[in-house]
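I opened a new notebook page for this chain.

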Amino acid sequence: EPFVADEYIERLVWRTPGGGSRGGPEAFDPKRLLEEFVNHIQELQIMDERIQRKVEKLEQQCQKEAKEFARKVQDLQKSNQVAFQHFQELDEHISYVATKVCHLGDQLEGVNTPRQRAVEAQKLMKYFNEFLDGELKSDVFTNSEKIKEAADIIQKLHLIAQELPFDRQVYFSRANLGIWCKYHDLECQLIQEFTGAQRRGEISRMREVAAVLLHFKGYSHCVDVYIKQCQEGAYLRNDIFEDAAILCQRVNKQVGDIFSNPETVLAKLIQNVFEIKLQSFVKDQLEECRKSDAEQYLKSLYDLYTRTTNLSSKLMEFNLGTDKQTFLSKLIKSIFISYLENYIEVETGYLKSRSAMILQRYYDSKNHQKRSIGTGGIQDLKERIRQRTNLPLGPSIDTHGETFLSQEVVVNLLQETKQAFERCHRLSDPSDLPRNAFRIFTILVEFLCIEHIDYALETGLAGIPSSDSRNANLYFLDVVHQANTIFHLFDKQFNDHLMPLISSSPKLSECLQKKKEIIEQMEMKLDTGIDRQVVSFTISLAFLTLNCMIGQMKHILAAEQKKTDFKPEDENNVLIQYTNACVKVCAYVRKQVEKIKNSMDGKNVDTVLMELGVRFHRLIYEHLQQYSYSCMGGMLAICDVAEYRKCAKDFKIPLVLQLFDTLHALCNLLVVNPDNLKQVCSGEQLANLDKNILHSFVQLRADYRSARLARHFS
């Protein structure tokens with residue numbers, strides 16, 4: 001443990017008799033404690049001297065050993081220098097001997113090489129002479145075990161026979177024929193030997209035979225035999241692409257142990273697989289449905305092309321030469337070229353027919369026959385909106401509350417288009433990809449945006465009832481809500497599936513322009529003539545629906561509000577808090593506000609609610625101007641306006657709430673004491689209003705004609 005002086009002294013004190021506290025078993029004795037301290041200090045001094053002497057002794061011994069070690073190191077350094085000098089001398093001697101040996105070897109090689117060539121030429125002349133005589137006597141030609149040596153000789157003789165003088169061909173014809181026959185015979189024997197070795201799985205023998213055949217013309221036939229036998233029993237599964245991948249992996253492992261040019265052999269195997277097996281399989285799969293079933297044809301083409309390219313990606317791992325990417329691309333192109341040339345025509349034709357069928361099936365399920373609404377296109381539509389906004393509506397089409405928009409139809413159309421984009425991405429040539437993607441996009445625009453969404457909007461517009469219609473079903477906001485949701489899905493597919501295909505091409509601007517035109521058609525800028533210069537197409541159509549809402553409110557007020565509500569016969573027996581007309585109008589308004597919030601989003605909600613609120617306020621203001629108010633009737637009118645104001649809070653539009661606050665303040669003029677009229681009119685909420693407006697409300701009082709009231713207000 002580490003030494004702590006305080007603890008050491010403390011333990012010493014407790015061990016010493018008389019060293020405890022005064023309250024302990026023994027009385028405290030300072031003399032004994034001092035004596036113990038003195039003795040203990042002396043012991044420590046003696047121990048310190050003894051340890052110091054031991055340290056000095058060890059230091060002297062260490063210095064002595066250090067000197068001895070330094071001496072030994074110096075001796076070793078001297079020995080190392082001597083050994084290094086001897087090594088240098090030996091190295092110089094070895095270099096000298098090696099130079100002499102190399103020189104001697106060059107001299108021997110210069111003498112031996114011509115001799116070996118002469119011996120080899122003599123042997124070839126001997127073998128050639130046997131062919132010239134027509135009788136083969138040498139053991140190398142008669143012994144089947146020496147086929148390798150015979151092949152080497154006959155290959156050289158075959159080259160010599162091709163160099164013989166032309167004017168002596170008749171003389172050497174017998175020899176040439178014999179050499180050619182023997183060359184062909186040995187070549188066949190070697191190929192048979194290679195075939196047998198391959199069947200037996202003897203890789204080393206195959207390598208030997210292939211090395212011999214490398215210089216023969218039949219070497220390519222040997223490779224063909226190898227490729228053919230490799231594929232025997234290789235296609236046993238139902239998936240030819242997986243079988244082909246496994247085959248190539250297996251061959252890739254052994255081809256380097258057999259042939260001197262493994263990349264060439266493997267490339268030839270892959271070419272054979274693609275041009276024979278895969279091409280035949282693809283043709284069988286596609287030709288039977290090419291003309292009869294476009295959907296199945298496109299799915300099969302996409303699937304087969306994808307699986308082929310996936311196989312190509314796996315084969316990229318192998319060594320196939322310098323430009324394997326181009327090699328594999330050409331093989332894929334050779335299989336699918338006849339199908340890819342007119343792919344986009346088949347794709348667009350199928351997509352059009354499929355989209356038309358989806359739409360027609362939907363309308364048939366609704367027992368609806370599509371009709372032409374308007375003949376002048378979007379300009380007529382704009383004119384109808386303008387007329388319907390500012391003028392009374394004409395006869396409307398009864399759609400029985402049907403929006404003619406279907407999420408299922410939209411999902412089906414988008415799904416078909418998504419699959420078309422995926423096929424286009426995979427099957428189109430990179431240079432044609434943007435153009436083909438744009439063609440698919442235009443079909444989506446035609447059937448989804450024009451034939452479905454635009455038709456539903458036009459039908460909904462034609463079905464908007466006039467403002468004086470009773471019990472009108474204002475379902476058009478449902479049309480707007482569904483159209484808005486569908487357009488969001490359309491925009492998502494545009495960004496997710498079309499943009500990646502055209503992002504780096506000039507077609508990008510063309511697609512964006514096309515999309516812009518669609519947006520402008522769906523949300524066209526129109527002059528609504530309702531204190532707005534420009535509003536969106538959706539809001540304009542919503543404003544048409546607002547006319548109907550206000551008409552419904554007018555109808556409720558006209559039917560439910562009675563003159564006696566605000567001028568009761570018995571002023572002292574009024575038990576209601578607000579009128580029945582107020583209750584029904586507020587319930588109707590709250591329902592419509594909720595529908596608007598569910599049908600629209602963003603700033604459109606605030607814009608439409610503000611317009612509805614302003615119109616709602618104007619309606620109530622004009623409605624109140626039609627009655628005369630007694631004192632109790634004025635109180636009831638104030639209660640009605642307070643309920644209307646509570647309803648206006650649901651709009652969450654500051655302007656609307658402010659308008660109803662002001663209207664509530666105006667209603668106070670109906671009940672205020674004549675002496676306080678001027679004070680109320682100069683209040684915060686009424687001070688900025690025109691005096692004629694204040695006067696018009698005061699005139700509604702039943703006691704207005706009294707001289708006292710007229711005098712106070714004037």
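**Entry 1: H184.** I looked up H184 and found it partly exposed, with a relative accessible area of 39%. The cut-offs I used are under 20% relative accessible area for buried, over 50% for exposed, and partly exposed in between, with a 1.4 Å probe and protein chains only. H184 sits in helix α5, residues 169-200. Helices here are DSSP runs of H or I with at least four residues, numbered from the N terminus. I also checked H184 against K217, 33 residues apart along the chain, and their C-alpha atoms are separated by 9.4 Å.

**Note on the model.** This is a predicted model, in which local features need pLDDT of at least 70 and side-chain atom pairs count only at pLDDT 80 or more, while totals for chains, interfaces and linings use all residues. Residues are numbered from 1 along each chain as its sequence is written, and side-chain values use heavy atoms, with hydrogens and water left out.

**Entry 2: I344.** Is I344 buried or exposed? I344 is buried, at a relative accessible area of 10%. I placed I344 in helix α12.

**Entry 3: positive phi.** I noted N367, where phi is near 55°, a positive value in a residue other than glycine. N367 is in the loop between α12 (343-365) and α13 (377-390). N367 is exposed, with a relative accessible area of 74%.
Then I turned to K652. Phi of K652 is near 60°, again positive in a residue other than glycine. K652 lies in the loop between α21 (631-648) and α22 (654-667). K652 counts as exposed at 67% relative accessibility.

**Entry 4: a helix pair.** Two packed helices are described by the angle between their axes and the distance between the axes. I looked at helix α8 (residues 240-255) and helix α9 (residues 262-287), which pack at an angle of about 165° with their axes 10 Å apart. The axes are lines fitted to C-alpha atoms over the stretch in contact, and angles run from 0 to 180 degrees between N-to-C directions. α8 and α9 are therefore roughly antiparallel to each other, a label for angles over 145 degrees.

**Entry 5: the largest pocket.** The largest pocket holds about 640 Å³ of space. A pocket is an open set of points on a 1 Å grid over the protein atoms alone, with protein on both sides within 12 Å along at least five of seven lines; lining residues have an atom within 4 Å of a point. Grid points are joined across faces, edges and corners, and the volume is the space filled by probe spheres set on the points. I found 24 lining residues, with Y305, L340, L427, S428 and D429 nearest the centre of the pocket. Which helix gives the largest share of the lining of the largest pocket? The answer is α11, with seven residues. The lining of the largest pocket divides into 10 nonpolar, eight polar and six charged residues. Ala, Val, Leu, Ile, Met, Phe, Trp, Tyr, Cys and Pro count as nonpolar, Asp, Glu, Lys and Arg as charged, and the others, Gly among them, as polar.

Notes
Helix = DSSP H or I, 4+ residues; strand = E, 2+ residues; numbered from the N terminus. Parallel < 35°, antiparallel > 145°, perpendicular 65-115°, else oblique. 1 Å grid on protein atoms, 1.4 Å probe; cavity = no way out; pocket = protein on both sides within 12 Å on 5 of 7 lines; lining within 4 Å.
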